[in-house]
Amino acid sequence: MSDALILETIGDYAHTARLAQLAGYDGIEIMGSEGYLLNQFICPRVNQRQDRWGGPVENRMRFPVEIVKAVREAVGPNFIICYRLSLIDLVPGGNTWDEIVTIAKALEAAGVTILNTGIGWHEARVPTIATQVPRAAFRSVTARIGKEVGIPVMASNRINTPEVCEDIVASGDADLISMARPLLADPDFVNKTAAGIPEAINTCIGCNQGCLDLAFSNKRVTCLVNPRAGYETELVYPKVRKAKKIAVIGGGMAGLTAATVAAGRGHDVTLFEAAADIGGQFNMAANVPGKEEFQETIRFYRHELVRTGVKVQLNARVSHDTLANFDEVVIATGVKPRIPRFPGIDHPKVLSYPQVLRGEVEVGHSVAVIGSGGIGVDTCAYLLEEHNQSVETWASHWGIDFTVSEPGGLTAPERRHAQRDITLLQRKPGQKKMGAGPGKTTGWAHKALLGQYGVKMLAECEYLKVDDLGLHVRIGENETRILDVDHVILCAGQESVTDLIPRDKDGKITDKRYHVIGGAKFAGELDARRAIREGAELAASL
Ligand code: NAP
Ligand code: SF4
């Protein structure tokens with residue numbers, strides 16, 4: 001295996017390429033996809049010019065082709081020019097397959113060394129990289145372009161494990177694989193693959209919550225599953241001189257991170273988990289169709305627990321006596337569902353979201369979901385979607401035509417057949433954002449999915465009671481309605497589990513050995529990114 005250092009560029013191409021060459025890079029990647037400038041010239045969607053730079057494809061592709069020629073002239077014959085070509089624009093007014101082939105051949109003739117695969121403009125209303133996109137969903141378009149050109153082609157998008165990479169290359173669908181987020185999740189992805197320990201890889205789960213959601217909010221990019229990403233010089237795990245005896249209570253994301261980081265530093269760590277298995281809330285998340293990837297994080301931690309030598313005690317309810325002999329105690333006991341107060345909350349129609357997401361109950365045909373946060377949205381998806389959808393089924397629902405016979409590769413989406421009649425409710429006014437959940441870059445896709453299944457949304461609700469007739473609700477000031485449903489599912493947020501924290505009457509922790517992290521510390525805006533970061537930061541400081 002040999003390495004090549006490639007710089008991605010979106011402007012001033014020939015100059016940047018020459019500077020990159022002088023700086024010791026082996027090549028550059030020209031970003032010609034995702035709706036950036038070169039993609040805009042290529043597509044009739046944006047390029048409305050009537051001169052020699054617009055009109056037929058031969059004119060529209062002139063700009064990128066001239067750029068590639070200029071770059072080649074600037075860097076000579078041996079420098080790698082990788083061009084990321086949008087193979088399927090996924091927007092109205094995108095190119096057709098015949099046009100893409102014409103462009104690819106012209107780029108090759110102009111001096112491109114490798115053709116990378118771009119999928120979808122940022123404006124596309126089809127998910128292209130989110131968790132719900134099946135792994136390597138777009139490999140077939142890379143395989144098709146590979147048959148049209150004589151240069152190597154590179155596959156991209158939702159390729160996150162060595163096994164998938166291997167399968168794509170071995171099958172001949174692509175010569176190379178392009179990955180970005182998986183290397184944020186685990187910078188040692190390649191080393192662990194080469195060492196034959198893929199089970200040790202911290203897999204990118206496609207959540208976007210630590211990377212793109214933050215990038216598009218002008219915040220520092222990191223990674224939900226790897227808190228050191230972007231914090232490599234600040235969050236360090238030095239080996240300890242004197243090992244402490246540390247108890248971690250709770251085997252969810254916060255506790256698992258605290259335990260494995262502390263043990264990795266050399267501490268003597270015991271993890272106590274009340275349930276029969278580790279994983280906490282991630283076990284429920286992994287049960288949601290389209291979130292199967294979350295299982296990979298649990299698999300990673302299973303490996304980390306063994307690698308770092310954490311002693312794990314499952315089905316273990318600990319008491320203060322058990323903790324008396326430890327030097328430090330980490331409370332990561334997480335959350336329990338918030339139970340709202342209204343008459344009929346004990347009615348058999350009322351279910352909690354853990355009962356549903358753990359598959360403990362048979363849910364009826366008509367359902368009201370109370371609470372439209374991330375878990376309310378997930379619960380709807382759980383009740384409506386199929387697990388592990390095939391690429392073909394998934395693509396047909398989003399209207400993706402991999403043959404790109406129509407401009408942009410868009411076709412009429414296949415209608416979804418809802419197995420259940422669901423109403424999602426919240427107390428806040430404002431229906432517009434309902435059903436999106438918390439993800440900045442993925443919320444629109446969640447909302448679209450619920451829309452495709454005909455989920456009804458009701459905002460500004462007051463829950464009056466549940467009885468045999470269903471859920472009685474006041475909407476706005478004047479309207480009252482009875483939702484005649486089989487079940488009412490409570491997704492009304494969480495409360496911290498704090499039983500084990502020794503506090504005085506003012507709420508101050510009375511034993512300085514105790515540290516509280518994750519949902520046990522603050523349930524309000526609990527998310528896995530904060531839980532994992534808190535676990536890592538605490539363990540780095542002990
Ligand atoms: P959440 O986002 O806080 O939502 C709770 C919902 O319950 C809100 O819609 C709230 O809206 C409602 N609610 C709150 N108190 C209520 C009460 N007393 N009675 C009735 N309704 C009440 O919490 P969550 O959905 O449980 O999610 C928990 C955390 O997990 C979140 O921080 C979220 O980021 C994370 N999560 C993320 C994802 C993801 O895909 N990124 C998925 C799942 C969970 P009203 O007050 O308007 O009724
Ligand atoms: Fe992948 Fe999520 Fe990390 Fe982004 S934040 S790199 S999507 S695991």
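Biologist: What makes residues 3-179 domain 1 of the protein?

Modeller: The bounds come from an automatic or database domain assignment, which gives domain 1 (3-179), domain 2 (245-336 + 495-525 + 536-541) and domain 3 (339-492). The model is predicted: local features need pLDDT of at least 70, side-chain atom pairs count only at pLDDT 80 or more, and totals for chains, interfaces and linings use all residues. Residues are numbered from 1 along each chain as its sequence is written, and side-chain values use heavy atoms, with hydrogens and water left out.

Biologist: How do you know that domain 1 and domain 3 are in contact?

Modeller: Contact means heavy atoms within 4.5 Å; 24 residues of domain 1 meet that rule with 19 residues of domain 3. The buried area, the accessible area (1.4 Å probe) that two parts lose on being put together, summed over both, is about 1700 Å², 70% of it on carbon and sulfur atoms. R125, Q132 and P134 supply 27% of the area that domain 1 buries there, more than any other three residues.

Biologist: Which residues lining the largest cavity are the closest to its centre?

Modeller: C204, C207, C211, C223 and L224, out of 16 lining residues. Lining residues have an atom within 4 Å of a cavity point, on a 1 Å grid where a 1.4 Å probe fits but cannot get out.

Key
Chains lettered and ligands numbered in written order. 1 Å grid on protein atoms, 1.4 Å probe; cavity = no way out; pocket = protein on both sides within 12 Å on 5 of 7 lines; lining within 4 Å.
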